[in-house]
Amino acid sequence: MAEATEAPILSLQGLGMTFRARGEGRRAQTLRAVDGVDLDVGRGRVVGLVGESGCGKSTLARTIVRLETPTDGRVLYEGTDVHALAGRDLAGYRREVQLVFQDPYAALPPRMRCGEAIGEPLRIHRRGDTAGRRRRTAELLDLVGLPRVMGDRYPHQLSGGQRQRINIARALALEPKLLVLDEPVSALDVSIQGQVLNLLGALRRDLGLTYLFISHDLRVVRYLCDEVAVMYLGRLVEFGPTEEVFARPNHPYTLALIRSIPDHEREGLGGRVVLRGEVPNPIDRPPGCPFHTRCPMARDVCAREVPPLRPVGAGNHRAACHFAEEVSDAAMVAGRNRAAGLP
Amino acid sequence: MSGGVAAAEGPLLGAGQGVTGVPGGPSTGPTAGRPTFRGLRSRRGGATLLAGLVLFALVLAASLAAPLLTPYEPSRNDLRARMHGPVWDGAHQGGWDHPLGTDALGRDLFSRILYGIRISLALAGAGLLLSLSLGVTVGLVSGLFGGWFDLALMRLVDLQLAFPYVVLAMAIVTATRTSIPVLVLLLGLAGWVYFARVVRGSVLQEMQKDYVKAAQVFGASRWRIGLRYVFPNVLPSVAVIATLQLPALIIFEATLSFLGLGIQPPTPSLGGMMLDGVQYIASAWWVITLPGAAVLLTTLGLNLVSDGLRQLLDPRLQTV
Amino acid sequence: MRAPRSGAGGPGRPVDVDALPGEPVLSVRNLTTVFATRAGEFTAVDDVSFDVWPGECLGIVGESGSGKSVAALSILGLVDYPGGVAAGEIRFRGEDLRRLRPEALRALRGSRLAVVFQDPQTALNPLFTVGRQMTDFVRAHRRASTREATRLATEKLRLVGVSAPEQRLRAYPWELSGGLRQRVAIAMALLLDPELIIADEPTTALDVSIQAQIVELLVDLKQRLGFSLIFISHDLGVVSAVADRVLVMYAGRAVERGPVGETFAHPLHPYTAALVASAPTLESVRGRPLPTIPGSLPGPSDRPAGCVFAPRCPRAQPICWAEQPPLAPVLPGREAACHFPLLPDAPATTGTARG
């Protein structure tokens, strides 16, 4: 692949985040929200990051945009450590990397007109004069497909989809290269989700953006992303090209996630596999593979040894499972059965 | 949407609302017409606010127009007309010469009350401005920057709240002799803690919101976040506290004057007038009662304003 | 067509409404619920009628603002000030709930008519143990000793697949995970063997894998215990996994009703068609623009005089703007409120427009 030779725009190296949790008793407890994540995001790619709540995906996003400082490892942007930046370099980083939040209403200042909110990054980074900024704001509204009058409205006067467009416009104001999108469509209605996803697709194509797209919805990730990273209990358990991961998942968790998706095109529970149990508390992480407590194919070794993320299958497809090869076989069988209408 | 399980009927689950038809009324049959919605909470807030504003505006206008409305100098004695009752109290020689009567020195109470309100409002207003600017600044800085500064300031706030302030004020006035600047300072220091606390609380709350995080991501400085993003959202609570504090300060000023520590005679002040009236309470009820009623009227108006504002500005009470 | 499914009588087991025994459990006629707002009166549920038959699951789908949750609250008599049911009939086992005295309705709720809400976090009181809440709940409705009530609570917890129920009874709600809390909420709904359970977005706050567990549980319980279920959700996938029939709501009105499989496979109403098409599925072609519905939900003040979907409908004709179509039978067992429903033999206008 061509991308493999080019240096990634964003590179997470052994990223870890430990929170001190004030638990009961005298024992100081620690919560390992992100645990040794290595992830490269290639220039111009859309990388999806999926996982259930509490898997650490949002913490990961916040460390990338410097809302949190990681306790281990580094975030490299264009080869430099993001958390070592200061002054002019930091301002430059603030221009090039932006975050879009899940709740479009909460992310806009409630008492500021939308146009003003879009212009804020420009004012902070002293881009252009008043007239220039007004022009740019209008341009941005065009770009995200909103009529210019929306700039004069307050956030509470807009619908959910319009608000998220305003958020995207604001994120684009400084012409960033990388957008971190933290569940950008989860709070929106189905029909509006489609509109925003289409917009994100078009913007990426027209502006040559790179996305780190965080979501719990595999349907959305599969639709938009080039590559998928799957997280479980703070660890990256599988990474690979989207088609590859969805067709031949190599981690039992990925397989279970894919098969627990409710899908109206697949009626009923016919093709569904329901994962037993729940995600363990990150304060009491199980030893060995984090998934072994719920894994249908766990064996003795899984409770002892943490499986490394290792190459499996084609491309740069990697999975952290001792028995990755068996998973993909199981997935193939299930897929064949489903196609043949068998249970 | 919040909710309960399987209907909120268990005694632990809170009282269920068994309303099917017209809100607030018993269930109605299907023949009942469309429900009407009188007295929406927001409108009630509006009515309270309006009543308060009207009352306060009347009091304020009367006191500002005191020189036009009153035929007498407030401190002019008229020994021939001592202890006249108000106009409706014929038993005490009430008459239109002195609509609210006169005191032991024959001074016109109507004039004195209007001028007294003027002074009270001016002092309380100046005190409010002082406590507001001090409190808001402290609260904002504490909330924005936190750390040892926040810790120290908040301990100071606790200390002041724990200490009986009137006693402290009495001590200070006795030590420094009464003067207008000292009074304003005392009034200002009486209320700043409330502003500081509430503003700090709101700032901390706002700082957790996504829009502040968003501003941090695109590089807004802490000051900019504080002034441009957080401050406007703190203003409603500041307004509510200000309308609560103003009447409290008016009463505080009256208290000091009543104790003889406030405005010194012959300048008319409501508290001072009440102090004068104490000794005649048995024979001339009006000398103490009418200035008291003036305090009540002024603070009532302001309290209504504050109530109405809170109902209008508190999002939890806002309807769809 | 229906895919073969595992086991006998899957969740989408076709329910032949005509062959159903007896009377509907719940019969809602012309339900209209309005709210007073500063801008005037807002009709959240507009003339909606439906039946729920014994042992059936009726799914109600719609986007936010469609009125699906308000419809549920109206049935339960829980529409809060400044809203209220303005018209209609809500018959539960033949009894009009709107005519019931508040105490009678309160007694009914939770016993014969139960609810499961979206957020199990707020549905339980954090100050009391699960056991205390469950036993108090039983005893609020019928005379029972603490022992009996505890036994009942244990039994129901076991029924919803909670392991070590005796232990869970001693736990506080916040000590339980989200999935477990929702199971407890379901167990509470089952305490007094209800005839009808209304579940309002019961899986929305949960993670995908837990969502699947709860869906499976509800389907299984319904089959074993034979209660009727109203399942409200915005997620077409979840609804198709649980419901037998589905009611599609848009802007306060019922726009389509029919068996869930056929309705989603071959929608009659252009709105249903657009909704089905706009959700990305595992089968969508990657990167190809998703079909979207242009425009947005009409606000309270700009509801059209005719069909509520007309302003966004690619098939709208002048009559659609002028005349409100009633929900009427189009095909056997299927109804749509549309002047020009998408009939299966019609040319391939999918009813979706590119945004």
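Biologist: Before we start, where do the domain bounds come from?
Modeller: Domain bounds come from an automatic or database domain assignment. Also keep in mind that this is a predicted model.

Biologist: Switching topic: which residues have the most contacts inside the largest nonpolar core?
Modeller: Those are V180(A), L212(A), F213(A), I230(C) and V242(C), in a core of 289 residues. Helix α3 (residues 109–145) of chain B gives the most to this core, 16 residues. Domain 1 and domain 2 of chain C are represented too, with at least three residues from each. As background, nonpolar side chains in soluble globular proteins tend to be buried together.

Biologist: What does L212(A) touch?
Modeller: Leaving out residues up to four places away in sequence, L212(A) touches L10(A), V41(A), V47(A), L49(A), V180(A) and L181(A). V180(A) is also one of the residues with the most contacts inside the core.

Biologist: Back to that chain B helix. At what angle do α3(B) and α6(B) cross?
Modeller: Roughly 35°, and the axes of α3(B) and helix α6 (residues 180–207) of chain B come within 5 Å. The crossing is right-handed. The residues of this contact are 25 nonpolar, eight polar and two charged.

Biologist: How many helices and strands are there in chain B?
Modeller: Chain B has ten helices and zero strands. Of its 320 residues, 44% are buried. If you take the contacts in chain B with a separation of 6 or more, 69% of them are between residues 24 or more positions apart.

Biologist: And how many helices and strands in chain A?
Modeller: Twelve helices and twelve strands. In chain A, 53% of the 343 residues count as buried. Among contacts between residues at least 6 apart in sequence, 66% in chain A join residues at least 24 apart.

Biologist: I'm looking at helix α4 of chain A. Why is it said to be largely enclosed?
Modeller: Because nine of the eleven residues of helix α4 (residues 114–124) of chain A are buried. The cut-off for buried is 20 or more other C-beta atoms within 10 Å of a residue's own.

Biologist: Which residues in α4(A) are buried?
Modeller: C114(A), G115(A), A117(A), I118(A), G119(A), E120(A), P121(A), L122(A) and I124(A) are the buried ones.

Biologist: What do those buried residues of α4(A) pack against?
Modeller: They pack against helices from two chains: α5 (130–143) and α6 (160–172) of chain A, plus α7 (210–217) and α8 (222–258) of chain B. Just after α4(A), R126(A) has a positive phi of about 50°.

Biologist: Why does D47(C) come out as partly exposed?
Modeller: Because D47(C) has 17 other C-beta atoms within 10 Å, and partly exposed covers anything between the limits of 12 or fewer for exposed and 20 or more for buried. R93(C) is partly exposed too, with 15.

Biologist: Last one: where does A322(C) lie?
Modeller: In helix α12 (residues 318–322) of chain C. With 13 C-beta neighbours inside 10 Å, A322(C) also counts as partly exposed. Not counting residues up to four places away in sequence, A322(C) touches A305(C) and G306(C).

Biologist: And how far apart are the C-alpha atoms of A322(C) and A336(C)?
Modeller: They are separated by 18 Å, with the two residues 14 apart along the chain.

Definitions and conventions. Residues are numbered from 1 along each chain as its sequence is written. Chains are lettered from A and ligands numbered from 1 in the order in which they are written. This is a predicted model: local features need pLDDT of at least 70, side-chain atom pairs count only at pLDDT 80 or more; totals for chains, interfaces and linings use all residues. Helices (H or I, at least four residues) and strands (E, at least two) are DSSP runs, numbered from the N terminus. Two residues are in contact if their C-beta atoms, placed from the backbone, lie within 7 Å. A nonpolar core is a set of buried Ala, Val, Leu, Ile, Met, Phe, Trp, Tyr and Cys residues joined through C-beta atoms within 7 Å. Axes are lines fitted to C-alpha atoms, for helices over the stretch in contact, and angles run from 0 to 180 degrees between N-to-C directions. A crossing is left-handed if the near helix is turned anticlockwise from the far one by less than a right angle, and right-handed if clockwise. Ala, Val, Leu, Ile, Met, Phe, Trp, Tyr, Cys and Pro count as nonpolar, Asp, Glu, Lys and Arg as charged, and the others, Gly among them, as polar.
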